[in-house]
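Biologist: I've got a new model to look through. Can you walk me through the inside of the protein?

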Amino acid sequence: RYLIQSQVKCRTTTTTTTTTTTTTTTNPVTGCEMDLVLVLDFSTTTSPIYEHYKQMAQQLVKKLIISPHHTMVACITFASQGKTITEFNLRRYKNQSEVIDAIGALQSTGGTTNVGYGVLHATNQSNVHEGARPDVATKVMVVFTDGWNNAGPDPKEARQKAIDSGFEVYSVGYNVPEDKDTLAVKMDTLT
């Protein structure tokens, strides 16, 4: 909800009329820029739940304006340290459909759950070489995970390093309750 609300102001349209010409333009408003880094848990413990992470990430992207003047998206998948990958960086895709298709094509390779390393790896997206827009874009990291961590750096310390790098960090958990007819999704800060 926060990410979506932040972009409502970005849909500002200005109409200018002169005696001979009418011009309508949509101007990006300062503060509309966001560098969004999606971090998805693709460890063995998330099979087949990781498909829901992909769907939730796609739903989020569908609600945002994706362009160089608005939101740019990167995606990191994590499992074991050697299986933590930058699937695409902030500079790769310039529109919503490209991002949604890329997320849909992601495949899990399994491995141990290394949340801390996934977050640390994602923090690299604050680098201008990855497409980051320092001093222009708000940096947001959304971590999709089941919450298990059995390898690598401490997730709380990794989260703090991401915050120290300027990221707002959120976690999204997916849970299938006992009755299977109720879907529970929780979004909160990574703890």
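Modeller: One term before we start. Buried means under 20% relative accessible area, exposed over 50%, and partly exposed in between, with a 1.4 Å probe and protein chains only. This is a predicted model, so local features need pLDDT of at least 70, side-chain atom pairs count only at pLDDT 80 or more, and totals for chains, interfaces and linings use all residues. Residues are numbered from 1 along each chain as its sequence is written, and side-chain values use heavy atoms, with hydrogens and water left out.

Biologist: Is Thr123 buried or exposed?

Modeller: Thr123 is buried, with a relative accessible area of 11%. Thr123 sits in helix α4, residues 115–123. Helices (H or I, at least four residues) and strands (E, at least two) are DSSP runs, numbered from the N terminus.

Biologist: Which residues does Thr123 touch?

Modeller: Leaving out residues up to four places away in sequence, Thr123 touches Met141, Lys161, Ala162, Ser165 and Phe167. Contact here means heavy atoms within 4.5 Å.

Biologist: And what lies 2.8 Å from a polar atom of the Thr123 side chain?

Modeller: The backbone oxygen of Val119.

Biologist: Switching to Thr77. Buried or exposed?

Modeller: Thr77 is buried, at a relative accessible area of 3%. Strand β4 holds Thr77.

Biologist: Which side chain does Thr77 pair with in a polar contact?

Modeller: Glu87, at 2.7 Å. A polar contact is a pair of N or O atoms within 3.5 Å; within protein, one must be able to donate a hydrogen and the other to accept it, and residues adjacent in sequence count only if both atoms are side-chain atoms.

Biologist: Now the largest nonpolar core. How many residues has it?

Modeller: It has 28 residues. Among those with the most contacts inside this core are Leu38, Phe88 and Val99. A nonpolar core is a set of buried Ala, Val, Leu, Ile, Met, Phe, Trp, Tyr and Cys residues joined through side-chain atoms within 4.5 Å.

Biologist: Which element gives the largest share?

Modeller: α2, with six residues.

Biologist: What does Phe88 touch?

Modeller: Val73, Ala74, Cys75, Tyr93, Val99, Ala102 and Ile103, not counting residues up to four places away in sequence.

Biologist: Several of those look helical. Which residues of α3 are buried?

Modeller: Val99, Ile100, Ala102 and Ile103. They lie on the same side of α3, because they cover an arc of only 165 degrees around the axis. That arc is taken from the directions from the helix axis to the C-beta atoms.

Biologist: What covers them?

Modeller: The cover includes β3, α2, β4 and β5 (85–88).
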